[in-house]
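Here is a walk through a protein model, one feature at a time. Keep the sequence and the structure in view as you read.

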Amino acid sequence: LSATPETPKEDGRPKWDNKFQYILSCIGFAVGLGNVWRFPYLCQIHGGGAFLIPYFIALLFEGIPLLHLELALGQCLRKGSIGAWNTISPYLGGVGVGSWMVSVLVSLYYNTVLTWVMWYFINSFQEPLPWSVCPLNENRTGFNEECYESTAVNYFWYRKTLNITPDIAESGTFQWWLILCLAACWAIVYLCTIRGIETTGKAIYVTAIFPYLVLTIFLIQGLTLPGATEGLIYLFTPNLNTLKNPRVWLDAATQIFFSLSLAFGGLIAFASYNPTKNDCEKDAVTVAIVNSMTSLYASIPVFSVLGFKATTAYWDCLDRNIINIINEFDLPEESIMRQNYTTWISFLNSSYPEKIAGLKLKSCDLQEFLDQSVSGTGLAFIVFTQAIILMPGSQAWAILFFIMLFSLGLSSMFGNIEGVFTPLLELQIIPKSAPKELLSGIICLISFLIALCFTLGSGSYWIDIFDRYAGSVPLLVIAFFEVIGVVYIYKIKRFSKDVEWMTGRKLNLFWQITWRFISPLLLLIVFMAFVTLQMQKPPSYTAWNPKYEGFPMKEEKVYPPWVQAICVLLAALPCVCVPLVALFHLVKQKHRSKEPSLVPPEVSFCQGTNS
Amino acid sequence: YAWDANEEYLFKAMVAFAMRRYSSKSATQISNVLLCNVTDRVSFWFVVTDSSKNVTTVPGSEVEAAIRMNRNRINNAFLLSDKTLQFLKITSTLSPPVEPSTPVWLIVFGVVLCLIVAGIVFLIVSGIQKHRKKNKESTERENLEEKVEVTLENGIPCEALDLKAGHINGVFAADDDRFTSL
């Protein structure tokens, strides 16, 4: 840093209170719900500890370079995503518009997931927990049929929370309780982002640090539960054979990419509020490593609890069989215990095989219970809630768990909203005299009204669609164009000079190689593989249909054509912005009949635009 | 506790009590309740005879109804519950869970919403106040600058008067009362 005192930049751009706030915001944006409910699942199904190998390779060659690129870009140009890409070249403005659009789409559905978390949170203050008991049927002779055939936890999630329809084409009605929670969630988002980073900077201290505290508490609690060690061994036992499957490598690459929240424009916005002389290289490495470490750290309590749940289910299975045997043979109580169950069974099988066969005992296998892997909302709202019922003091654990999920999601929402807010502020949609609070209010209000669609009966099917199509393919395309745009249009020589000016030391060869060749190549391969895999079979979904023969299994259905069209639209719209804007500028230049200057003169934007 | 003959006696007494309460016939005695096939697992069959009708057994449905009516008392006598003391073929009517008048979640939601709205109002109001203060400060600064301008624009700069063309009035100069006395 320079010895002479720097003149404060009089551009009126807000800035972070301190460096820690900035780093914490980036970490909060990157660390989200996926770190808790997607990474442990991937670890489990892709051979445990062996999954870490493709994961860290992807982190090194894809995650960190792209993260460094985005942070350096935002810091250098000091503008949000749309403004930054317009500055680099008007033909690349579409990249900014594309990331802005993705941020909008993701914000809409992400906050609805937080709505579900909030609903579970406010229901955790009751004794007994509402998802632990089945409600009674009309004449009070037994339990509600739908609940009885599946489980109480499933019933609370599918009926009491979502009130889900059996088919995506049936919209159902608005669920008023979800509308209330949605309003509250958007009010919280408005409260925290009301003045941009002035307010999110304060809120992030709580929302980014609190999850780590709760994860630690769950870690300590989880390790003391019976069966935790089985779960952990199951998670981390490496099975190197899985590395031969290309699907594993694809999953690792996509997980790293989406986990770091790249190509949303939010990171560019965060970095744009930095002073230009800031070490963005160190920031990028720090954020990426903290994000991956958090994923690993979170998988330990998750799997301890899953191991506990599997062990409890196994014990329940054993106990049920034991009761049946004792009733059948009129043996005294506590003659058969879990430990000598196998010896008794073999003895009884040899002496009275017909009686044992007549009992139709279920085979209890711990591995089978451990193999039931779930990810996503199923993990949090079905599996974990079931495990929480079995813990002593369930209300406290439930409250802690859902506050943690809410904080994780909220800090990611800050990044999403910032990716929407900053470009709009710079485009001056509202007059400059109007307060910032008005713009954030308008954004939150419009988003709330659009997100009301997700509170319909079929809402969760739509959220799956948004997650799979709007929040996946466009990001890969945008990131690819980001790297290509910076390296080949802005020219890597100029950019490395800029980064040198910002960080104060020469750009490492590693960044040169990854930015020029490895990252674009990797992105291209991942994109092709991803699209090929999606196209292999017609897009389908699983529906919760109480009238299905195989109930409580979910029914596999294919999307109707109009829904498929919407899926394609969601995936294509942000991507198509890139060539559209370029075409628009090309046509404009042709009309002006000036020399199309694709490459701006050799003036660095970092040091040139000092404001 | 161990199951012995005394417990069996208590059981017979409870069944007799149930029959008496149900049919309000005070004729049922403990000797009317017969246990058979007692096993180690503590399971057995029992019948209730009717001494007034020539040692015939009371129909099962009546016994079922009687026990169902007094299930709670029987359970409590043995410190057991519906799950641990099972009468085969008698399903217990399940008690509905206690439902408060307003669901609990609505109350919690109200609390959360009030906090959020209070926060938003506070931030908006403080924002408006800061905006007004900034506006007032900037207008004050503007007024100050204007006054300075006015004094200069009067034709004769005030500083020039002070420094250059100033006659000291002898009458007042000798007056030491320029400075106020302490």
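**Cysteines, charges and backbone**

Cys181(A) is buried, with a relative accessible area of 0%. Buried means under 20% relative accessible area, exposed means over 50%, and partly exposed lies in between (1.4 Å probe, protein chains only). Accessible areas come from the Shrake-Rupley method with a 1.4 Å probe, and for residues only the protein chains shown count as cover. Cys181(A) is in no disulfide. Its nearest cysteine sulfur belongs to Cys185(A) and is 6.8 Å away. A disulfide is a pair of cysteine sulfur atoms within 2.5 Å. Cys192(A) is in no disulfide either: the nearest cysteine sulfur, that of Cys444(A), is 9.8 Å away. Cys192(A) is buried, at 10% relative accessible area.

A word on the source: this is a predicted model, in which local features need pLDDT of at least 70, side-chain atom pairs count only at pLDDT 80 or more, and totals for chains, interfaces and linings use all residues. Residues are numbered from 1 along each chain as its sequence is written, chains are lettered from A and ligands numbered from 1 in the order in which they are written, and side-chain values use heavy atoms, with hydrogens and water left out.

How many disulfides does the structure hold over all chains? There are two. Start with the one that joins Cys134(A) to Cys147(A), with an S to S distance of 1.8 Å. This pair links distant parts of the chain, 13 residues apart. Cys134(A) sits in the loop between H6 and H7 of chain A, and Cys147(A) sits in helix H7 of chain A. Helices (H or I, at least four residues) and strands (E, at least two) are DSSP runs, numbered from the N terminus. The link of Cys134(A) and Cys147(A) is left-handed, with -90° about the S-S bond. Cys134(A) is buried at 16% relative accessibility. Cys147(A) is buried at 1%.

Now turn to the disulfide between Cys317(A) and Cys364(A), where S to S is 1.9 Å. The torsion about its S-S bond is about -85°, so the disulfide is left-handed. Cys317(A) lies in helix H14 (residues 280–329) of chain A, while Cys364(A) lies in the loop between helix H16 (353–359) and helix H17 (366–371) of chain A, so the pair ties together parts that are 47 residues apart in sequence. Both Cys317(A) and Cys364(A) are buried.

Next come the charges. Side chains of opposite charge can pair when their charged atoms come close. A salt bridge is a side-chain nitrogen of Lys or Arg within 4 Å of a carboxyl oxygen of Asp or Glu. By this rule the count is eleven salt bridges over all chains. One of them joins Glu426(A) and Arg13(A), at 3.1 Å from N to O. This pair links distant parts of the chain, 413 residues apart: Glu426(A) is in helix H19 of chain A, and Arg13(A) is in the segment before helix H1 (19–30) of chain A. Glu426(A) is partly exposed, at 26% relative accessibility. Arg13(A) is buried, at 18%.

Asp17(A) forms a salt bridge with Lys202(A), with the closest N and O atoms 3.2 Å apart. Asp17(A) lies in the segment before H1 of chain A and Lys202(A) in helix H10 (residues 197–224) of chain A, so the pair ties together parts that are 185 residues apart in sequence. Lys202(A) is partly exposed, at 48% relative accessibility. A network of salt bridges links Arg195(A), Glu198(A), Lys436(A) and Glu437(A).

Finally, look at the backbone. Most residues other than glycine have a negative phi, and most peptide bonds are trans. The peptide bond from Glu127(A) to Pro128(A) is cis, with omega near -5°. Pro128(A) is in the loop between helix H6 (93–122) and helix H7 (145–149) of chain A. Gln428(A) has a positive phi, near 55°. Its place is in the loop between helix H19 (394–427) and helix H20 (436–451) of chain A. Gln428(A) is partly exposed, at 45% relative accessible area. In chain B, phi of Leu79(B) is positive, near 55°. Leu79(B) is exposed, at 71% relative accessibility.
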